[in-house]
Amino acid sequence: VRVVHYLNQFFAGLGGEEAAGHEPVRIEGATGPGRGLAAVGIRVTTTLACGDDRFAEREDECLERLVSWLDEEPPDVLVCGPAFGSGRYGYACGVLAREASRAGIPVVSGMHPDNPGVLAAEGGAFIVPTSSNVAGMREALARVAALARTLGAGGDPGDPNEGGYLPRGLRRNEISSRTGADRAADMLLAKLEGRPFESEAVPAFDRVAPPRAVPDLSGAIVALVSEAGCVPQGNPDGLVSRRARAWLRYPIDGVTGLDAPGYETVHGGFDTAAGNADPNRLVPLDAVRELETEGVIGRLHEVFYTTTGVDTPVATAATFGQEIAQELRDAGVQAVVLTGT
Amino acid sequence: VSRAGAEPLVIAHLPVDRVREAGTTTWRDGTLEVGLADIAALAQSEPGISEARAHVVQPGDPVRLRNVLDAVVPTVKTDSPEVTFPGALGGRETVGGGRTTMLDGVHVISTMPTGSPDGEEDELPSAIVDMDGPAAEISPFSATPALVLALTRDPDVAFEVAEASARRAALRAARDLAAAAAHDATAGERTEVLDLGEVDASLPRICAIVQITSEGPGLDTFVYGRPASELSLPSFIRPGEILDGAVTSGAYESPAARNPTATYQRSGLLRRLYAEHGRSLCFAGVILTLGYLDDGGEKRRMAEAAAALAEELGAAGAVGTTYSLGNSHTDTMLTVQACERGGIRAVAIVAEEGGLTDHVPEADALVSVGNVMELLPAWEPARVIGNEPGTREGASRTPVLDVLGAATQLGDGRLRAVSA
């Protein structure tokens, strides 16, 4: 079994805070906590390391180098950390884990549940919960090793309780021995009789705090973004009616309104008759142009962003949002009118 | 507590172990022979259907059914076949009592590509039923043979005309199969008696709150043949009426999470509550509610009215079911909230799209019927029934979402999503 281990500068023995800018390096065999893994039966083939500051400041470049090493000799399992409560180290572990898992490499890590690296991994790693500091090393390594052994052999670690890892935010299907109807009836009887029961689905929503108000719109660039499926008449780029895989942008410089029949909606999740009669009701270009003329807003961004928001997996939609938001940021947009259907 | 006029529903279940093509339809000792030509000819006589073909498919066949509209359990009112599927096919008479004959082990499945050839009209999602491969393991319609009505829509006729014809054709084929079998049956029946007689008054009264939807042709659930949007909901209905064909489907959203007609006819939830009646609870009846309402106020009003009706029935607890995906889950959550605030303990059955679509703090007892976003392993059928002409079907990974009834939120599947 080929095991690659990722460490930061400190645990790789490159130095302390003064070495936090250390470039990515590849070291043959185990070092630092990797030797501890050997004691519990996991022999590390190669160690990769990078300074925490270096990774934070030049993420793309560091990641490219680290991933290229993984590509050269893909491991059966990648172990990152454990990073305990260290935010920068945990973040690097999480990002590398995310990339490795996208390449099909199983990843095990260890972190305190509040470490930002847990979110950065985006469900790509089996992360063992650890103490916030290195005092928990021995216990963490034993649990990391157990998972690494299972994954390295192509096994299934089971659910988070069985496998001893933090829920990855994934919902995996299994076949129950009883129908949903029977489970519902039993759950209701338990609830009525005051017996213990366990809900099968608990909310795990990404709560987005509203941003602070823009203090002065008269100088702001405002953009229009919508999932209403609004496109130029004829749908020139073939936006799909549901389960979108892409978002689109269309120029609106000099356009005063999204009037029919110049625009239409291809959305498959609502009755489109009213929207097609006046596409401005989906993407309110006419109204925002008026605000621009009146000087209420500084100016409108030169393109509007569009997709269809129906049956789209949440992860896909989140990626759309991040990509569009990045473009808006780069363009200096300060406010967005986001119309949903 | 028995209600005036609520006579027991007695269902004679005829087992179907084998289904074969034949010249005429007969049932004998578990073998159903189906006269395909007659059934196809009847379907083709419906307006708006340019072509109808009938097939028999078996579990394990390398066959995929595409553009599936509905699945129906063959059933007939034994003493009055003309009221079978009242309103939708037969006379609009109250059902849920008296004798019914039902075939166990076979479905009638209708397929029809819904998009117009010029792509002008919005296509409904294409539901699949695979008779083999990974999707067969999670579909309630793959484990038994099926009579497939593969219909082609006349492109010159409005969608709603062809759709109504497709519904009638499937219901009629289901009725006629059961009628022929009932005629031939001399033995081999299993008799099910569904009765809500008087029970110990100290048992907790429980109701089921069944959410249906009605948004126009292709998106309608029918109650006694009328689209639910034309009814005054929420409304009380006896569970026997639902099991006896009073509720039929013409709603073709989200294939995995919709409720084909067969799921109402077979409902394991209603049957379980019947079975518990007099033992652990008193089954106080079913409340039909409408989901997919247009705004928050409408949703809240429907939820509160359903909870008030449950209170009126003396319910101490309720099981809420959900139709399809998306904003109908808000209707479910508000119904749970209204019940709990009214002192009625509530459980709801929901499918997940990578996770819950909506949630309220009161919803502390949810049954998950699966994550419809999960992809199944790739499988390539050798033959496809129900596709548009000229479409090729390769080996691809199908999301659970596409598999008819795989995550029905009436709770008849065994799928469940767990954290990983």
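Predicted model: local features only at pLDDT ≥ 70, side-chain atom pairs only at ≥ 80, totals over all residues.
**Stop 1: cysteines in chain A**

Select Cys62(A) and Cys50(A). The sulfur of Cys62(A) has its closest cysteine sulfur in Cys50(A), 3.8 Å away, which is too far for a bond. Cys62(A) is also buried, at a relative accessible area of 0%. (Buried means under 20% relative accessible area, exposed over 50%, and partly exposed in between, with a 1.4 Å probe and protein chains only.) Next, pick Cys93(A): the closest cysteine sulfur to its own is in Cys80(A), at 5.0 Å, again too far for a bond. Cys93(A) is buried too, with a relative accessible area of 1%.

**Stop 2**

Pro82(A) sits in strand β4, residues 77-84. (Helices, H or I with at least four residues, and strands, E with at least two, are DSSP runs numbered from the N terminus.) Another cis peptide bond links Ala260(A) to Pro261(A), with omega about 0 degrees.

Now go to Glu122(A), in the loop between α5 (116-120) and β6 (126-129) of chain A. Its phi is positive, about 50 degrees, although Glu122(A) is not a glycine. Over in chain B, Tyr224(B) also has a positive phi, near 50 degrees. Is Tyr224(B) buried or exposed? Tyr224(B) is buried, with a relative accessible area of 12%, while Glu122(A) counts as partly exposed at 46%.

**Stop 2: an arginine facing chain A**

Select Arg272(B), found in helix α5 of chain B. Its side chain makes a polar contact with the side chain of Glu276(B) at 2.8 Å. (A polar contact is a pair of N or O atoms within 3.5 Å; within protein, one must be able to donate a hydrogen and the other to accept it, and residues adjacent in sequence count only if both atoms are side-chain atoms.) Leaving aside neighbours within four places in sequence, Arg272(B) is in contact, meaning heavy atoms within 4.5 Å, with Asp182(A), Ala185(A), Asp186(A) and Leu189(A).

**Stop 4**

(On a 1 Å grid over the protein atoms alone, a cavity is a set of points where a 1.4 Å probe fits but cannot get out, and a pocket is an open set with protein on both sides within 12 Å along at least five of seven lines; lining residues have an atom within 4 Å of a point.)

Finish with the largest cavity. Of its 14 lining residues, select Ile209(B), Gly320(B), Thr332(B), Thr335(B) and Val336(B), the closest to its centre.

Conventions
Residues numbered from 1 in each chain as written. Chains lettered and ligands numbered in written order. Heavy atoms only, no water. Disulfide = S-S within 2.5 Å.
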